[in-house]
Amino acid sequence: MSYILADIAKKIGAVVKGDGQCEISGIATLADARSGQIAFLANNKYSAQLASTKASAIIVTQSEADKCQSNALIMDTPYMGYALVAQLLDTTPKPANQIHASAVIADDVIIGKGVTIGANAVIEAGVNLADGVSIGAGSFIGIAAQIGANATIWSNVSIYHGVIIGEQSSVHANTVIGADGFGYANNKGSWVKIPQLGTVIIEDNVEIGASTTIDRGALGNTIIKSGVILDNQIQIAHNVIIGENTAIAACSVIAGSTEIGKNCVIAGLVGINGHIKIADGCVFTGMTMVTKAITSPGVYSSGMPCQPNKEWHKNNARVRKLESLTKRLSTLEKELATLKS
């Protein structure tokens with residue numbers, strides 16, 4: 001697969017500087033690129049590499065274009081240009097290229113045009129697979145699940161009964177959607193299971209990373225709205241709602257019945273308490289613990305950066321004395337107020 005530079009420029013909205021007939025067949029970093037590949041500069045700390053890179057073309061801003069010794073594609077956002085070129089040159093295969101003979105498919109499954117199903121996949125009764133759906137080897141699609149047009153389900157994914165997945169969505173390997181939420185009542189020390197009677201609704205253009213778990217609703221549904229991107233190994237509990245275009249990084253955990261607004265960014269290892277609401281446009285840095293509702297957009301943090309072990313022990317010892325120090329300070333403030341009066 002290859003494109004001439006002029007065609008790439010049209011597709012990504014860039015302006016060509018140099019030879020528009022230059023042929024591009026790959027993409028790489030400035031340091032690693034070779035002839036026939038295109039690179040990009042999205043961080044100025046790498047601008048010194050513009051003079052030495054062997055790339056046939058570079059995606060840059062206008063202010064950096066004169067530093068290029070090769071052809072260039074000029075645009076305001078080179079990182080976006082990189083994303084679009086990567087899409088053009090993407091060689092990732094589909095999860096399946098046909099309906100494999102070993103797939104187990106119930107008689108009443110609705111199969112749209114161009115559907116492909118990999119080896120040993122199991123599609124249960126009442127499932128609806130829209131046009132262009134691709135299901136990887138070993139995946140399980142439960143009773144009455146619905147998968148929208150051109151959705152991609154990779155290998156060994158488990159989609160439970162009644163789950164709905166929207167168009168153009170992608171679910172990566174070993175993910176589980178629609179498992180029971182963690183619902184139990186305590187009866188004098190023993191746990192009584194509460195059946196989880198809702199489902200999971202994944203809207204359009206959602207990407208879900210590998211080994212992520214999204215639990216079904218207890219009453220009502222767990223809902224992931226359009227444009228959401230979820231990294232690997234995320235836990236989303238029952239009845240969570242995640243707003244449009246929110247991004248969540250790996251190993252974050254969201255407890256039940258929490259509602260997260262749209263256009264939020266949640267970094268890795270963030271923990272969010274249950275039964276709270278998060279406003280639109282919030283950013284949580286890595287290892288933040290969210291225990292209360294957030295009503296205003298902004299950047300929020302609580303994770304502690306690492307430090308040398310000896311310093312940590314000293315600081316931890318001081319933290320243990322905060323209660324007594326607070327009491328002493330309060331006493332001193334009262335004495336000082338008395339003296340002033």
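The model is predicted, so local features need pLDDT of at least 70 and side-chain atom pairs pLDDT 80 or more, whereas totals for chains, interfaces and linings use all residues. Residues are numbered from 1 along each chain as its sequence is written, and side-chain values use heavy atoms, without hydrogens and water.

The whole structure holds three salt bridges, each defined as a side-chain nitrogen of Lys or Arg within 4 Å of a carboxyl oxygen of Asp or Glu. One of them joins Asp66 and Lys17 at 3.7 Å, N to O. This pair links distant parts of the chain, 49 residues apart: Asp66 is in the loop between helix H2 (62–65) and strand S7 (71–74), and Lys17 is in strand S2 (residues 15–17). Helices (H or I, at least four residues) and strands (E, at least two) are DSSP runs, numbered from the N terminus. Asp66 is exposed, at 67% relative accessible area, while Lys17 is partly exposed, at 31%. Here buried means under 20% relative accessible area, exposed over 50% and partly exposed in between (1.4 Å probe, protein chains only).

Lys67 forms a salt bridge with Glu64 at 3.1 Å, N to O. Lys67 is partly exposed, at 42%, but Glu64 is buried, at 8%. Asp180 and Lys193 also meet in a salt bridge, at 2.9 Å, N to O.

Turning to the loops, Ala173 lies between strand S19 (170–171) and strand S20 (176–179). Ala173 and Ala151 are 22 residues apart in sequence and 14 Å apart in space, C-alpha to C-alpha. Lys321 occupies the loop between helix H4 (309–320) and helix H5 (322–340) and is exposed, with 52% relative accessibility.
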